[in-house]
Amino acid sequence: MASEDDSLPSSRINMGHGFMKSIIKNQVDRDNYDKDVRHRQPKAKQGGAAAGTRAGKPALQVYTPPFRSAGKREDTVESRLAGRNEEVRLFTLEYEDQYGAVHRTPVYKGDDASILSQRFAADCGMTGLLTQVFARRVSEEISKRTCKT
């Protein structure tokens, strides 16, 4: 039986084959490259630098489109009428739109209810029928307050 074992081909890898030689060469080259890279790196990392000191991305400025929030609107009825003399201010008109933003404008003694309500409705995004009802209500409130004064 000993003669049978000698006649079988060995189950070991032939290290003399060209493919194995190229694999070994690649491994040696990779080891040498890693050693060179480690040698070139600054030795500051070995000093125990803090783990959280990595430089991150700079803070980006976020674009907020105009008229996204009602509080930042510049072209409102209130800003257009801000230059008026406030000696006879009747009341302040307030309206909360469907998004929860509150729109305000002062109403003065000589104001025309239809013009005021059209401008205010345009700023608030009201529909046509709601604008007419709104104008009627503003007119009633103006007439109530002008009779008292």
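I began at the residue that follows α4, G125, and noted that its phi is positive, near 80 degrees. Before going on I recorded that this is a predicted model, in which local features need pLDDT of at least 70 and side-chain atom pairs count only at pLDDT 80 or more, while totals for chains, interfaces and linings use all residues. Residues are numbered from 1 along each chain as its sequence is written, and side-chain values use heavy atoms, with hydrogens and water left out.

**Elements.** I take helices (H or I, at least four residues) and strands (E, at least two) as DSSP runs numbered from the N terminus. On that basis I listed five helices and two strands, and from the N terminus on they run α-α-α-β-β-α-α.

**Helix α4.** I then looked up burial, where buried means under 20% relative accessible area, exposed over 50%, and partly exposed in between (1.4 Å probe, protein chains only). The buried residues of α4 are A113, L116, S117, F120, A121, D123 and C124. Seen down the helix axis they fall within an arc of 160 degrees (taken from the directions from the axis to the C-beta atoms), so they line one face of α4. Q118 and A122, both exposed, sit on the face turned away from that buried side.

**Aromatic pair.** I searched for rings of Phe, Tyr and Trp (its six-membered ring) with centres within 6.5 Å, calling planes under 30 degrees apart stacked, over 60 edge-to-face and the rest tilted. The count comes to one pair. F120 and F134 are stacked, at 5.5 Å centre to centre and 15 degrees between the planes. Because F120 lies in α4 and F134 in α5, the pair ties together parts that are 14 residues apart in sequence. I found both F120 and F134 buried.

**Largest nonpolar core.** Such a core is a set of buried Ala, Val, Leu, Ile, Met, Phe, Trp, Tyr and Cys residues joined through side-chain atoms within 4.5 Å. The largest one has 13 residues, of which L93, V138 and I142 touch the most other members. At least two residues come from each of β1 (89–96), α4 and α5 (128–148), and α4 gives the largest share, five residues.

For contacts (heavy atoms within 4.5 Å) I set aside neighbours within four places in sequence, and found V138 in contact with L93, A113 and L116. I142, in helix α5, counts as buried at 8% relative accessibility. With residues up to four places away again left out, I142 touches L90, F91, V107, D111 and A113. I also noted that I142 and Y108, 34 residues apart in sequence, are 8.5 Å apart C-alpha to C-alpha.

**E96.** Beyond its neighbours within four places, E96 is in contact with A101 and V102; its C-alpha atom is separated by 8.5 Å from that of C124, 28 residues apart along the chain.
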